[in-house]
Amino acid sequence: MAAEKSPIKVCITGGAGQIAYSLLLEVASGKVFGQDQPVILHLLDIEPCLEKLNGVVMELEDLALSLVRGVVATADPLKAFADVDVALLLGAFPRLKGMERKDLLAKNNDIFRTTGKAIDQVAKKSVKVVVVGNPCNTNALTCMKNAPSIPKENFTCLTRLDQNRAKSQLAAKLGVSVSQISNVIIWGNHSGTQFPDARHASVTINGARQSLTDALSDDAWVKSDFISTVQQRGAAVIKARGLSSAMSAAKAIGDHARDWWFGTKEGEFTSMGVISDGSYNIPAGIIYSFPVTIEAGGKWSIVQNLKQDDFATEKMVATYNELQEEANAAAELAAAAN
Ligand SMILES: NC(=O)C1=CN([C@@H]2O[C@H](COP(=O)(O)OP(=O)(O)OC[C@H]3O[C@@H](n4cnc5c(N)ncnc54)[C@H](O)[C@@H]3O)[C@@H](O)[C@H]2O)C=CC1
Ligand SMILES: O=C([O-])CC(=O)C(=O)O
């Protein structure tokens with residue numbers, strides 16, 4: 001019989017919040033890091049939410065899951081990030097009806113300065129960080145800048161929810177299952193300027209893989225309604241539910257973390273917010289969502305040489321410009337805090 005794997009430590013911040021409530025079962029049941037991978041869960045929330053967090057811990061015990069080898073619940077970031085392998089950063093205020101995600105920058109940015117410093121001090125140097133709290137690209141940049149001892153490549157932000165939304169819209173339009181669609185891209189910011197791009201996607205019909213846009217043959221829809229529906233989906237959910245997406249966000253975080261842990265499938269790529277390196281003429285040094293392939297173990301590479309036209313370039317630059325404005329605003333907030 002193969003020796004049992006040692007447990008990995010996974011920190012989830014905002015542990016008492018709504019996304020965490022769905023995400024914990026994904027992680028604790030082995031859906032993310034594997035059915036043979038024991039986990040020790042580190043849950044961080046703020047002091048006033050510790051009683052609620054304790055209720056979540058009770059429920060985790062009551063799940064009676066064999067992969068869970070310990071739970072640490074705390075309001076102390078130095079305990080929460082101690083020696084962790086993975087940090088899923090949800091702890092932040094969500095937007096309310098009528099707000100843009102960047103309106104949260106002033107409210108949430110200091111959380112990510114503190115978080116970055118704590119990760120720098122006590123997490124494993126190989127820690128994989130996924131920033132979810134909005135505005136997630138710029139918060140990931142802040143976190144990265146405050147953790148200089150951790151490689152920049154270890155900081156990512158979540159755009160997988162946008163990718164899942166895009167895939168689902170395309171599948172419905174084509175009348176196929178989402179499992180038949182691959183290589184949909186989200187470029188740029190997790191915001192209303194993001195560029196959901198179906199032009200490099202494939203659909204497999206009767207075993208034959210083909211260009212999705214050829215199969216769909218509706219360029220006008222791909223360039224207009226498809227893009228705006230995905231860009232505005234978060235706001236539409238808030239309008240309908242009175243709360244921002246949680247179940248779908250949790251599923252997307254699990255998808256992102258699983259692909260980063262195990263790697264992408266041969267011939268497929270996924271989108272995540274990563275540090276830009278000049279690819280596609282996006283200046284280096286911001287967290288921008290690109291298509292990436294990932295090797296088992298976690299080394300990701302930006303997919304190169306995807307053909308761009310004027311339409312795509314304009315959209316990719318617009319979302320970059322917004323990210324640069326956010327990065328400038330975050331730098332001003334950091335300077336004012338010092
Ligand atoms: N990137 C994406 O695709 C998505 C991002 N989000 C964002 O995720 C974040 C969390 O969303 P929800 O779980 O719905 O919010 P929520 O309000 O239900 O939970 C957030 C939790 O974070 C905690 N928290 C606040 N400050 C903290 C700190 N300094 N350290 C640790 N915990 C702290 C709160 O006490 C609360 O329990 C929001 O910023 C939301 O906008 C939500 C959906 C998708
Ligand atoms: O829209 C929001 O504020 C929450 C979020 O990021 C999303 O649902 O994509």
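The legends below describe close-up views of two ligands in a predicted model.

View 1. Among the 25 residues around ligand 1 (a residue counts if one of its heavy atoms lies within 4 Å), Gln-18, Asp-45, Phe-93, Val-132 and Asn-134 come nearest. This shell is made up of 15 nonpolar residues, nine polar and one charged.

**View 2. Polar contacts of ligand 1.** In polar contacts, which are pairs of N or O atoms within 3.5 Å, an oxygen atom of ligand 1 is 2.9 Å from a polar backbone atom of Gln-18, and an oxygen atom of the ligand is 2.8 Å from an N or O atom in the side chain of Asn-134. Of the 870 Å² that ligand 1 exposes when taken alone, the protein buries 88%, with areas taken from the Shrake-Rupley method and a 1.4 Å probe.

**View 3. Ligand 2 and its arginines.** Oxygen atoms of ligand 2 lie 2.5 Å from an N or O atom in the side chain of Arg-95, 2.9 Å from a polar side-chain atom of Arg-101 and 2.7 Å from a polar side-chain atom of Arg-165. On its own ligand 2 has 260 Å² of accessible area, and the protein covers 93% of that.

**View 4. Ligand 2 between two domains.** Domain 1 (8–157) and domain 2 (160–324), whose bounds come from an automatic or database domain assignment, both give residues to the shell around ligand 2, so ligand 2 lies between them.

Residues are numbered from 1 along each chain as its sequence is written, and ligands are numbered from 1 in the order in which they are written. Local features need pLDDT of at least 70 and side-chain atom pairs pLDDT 80 or more, while side-chain values use heavy atoms, leaving out hydrogens and water.

Methods
Polar contact = N/O pair within 3.5 Å; in protein donor to acceptor, adjacent residues only side chain to side chain. Nonpolar A, V, L, I, M, F, W, Y, C, P; charged D, E, K, R; others polar.
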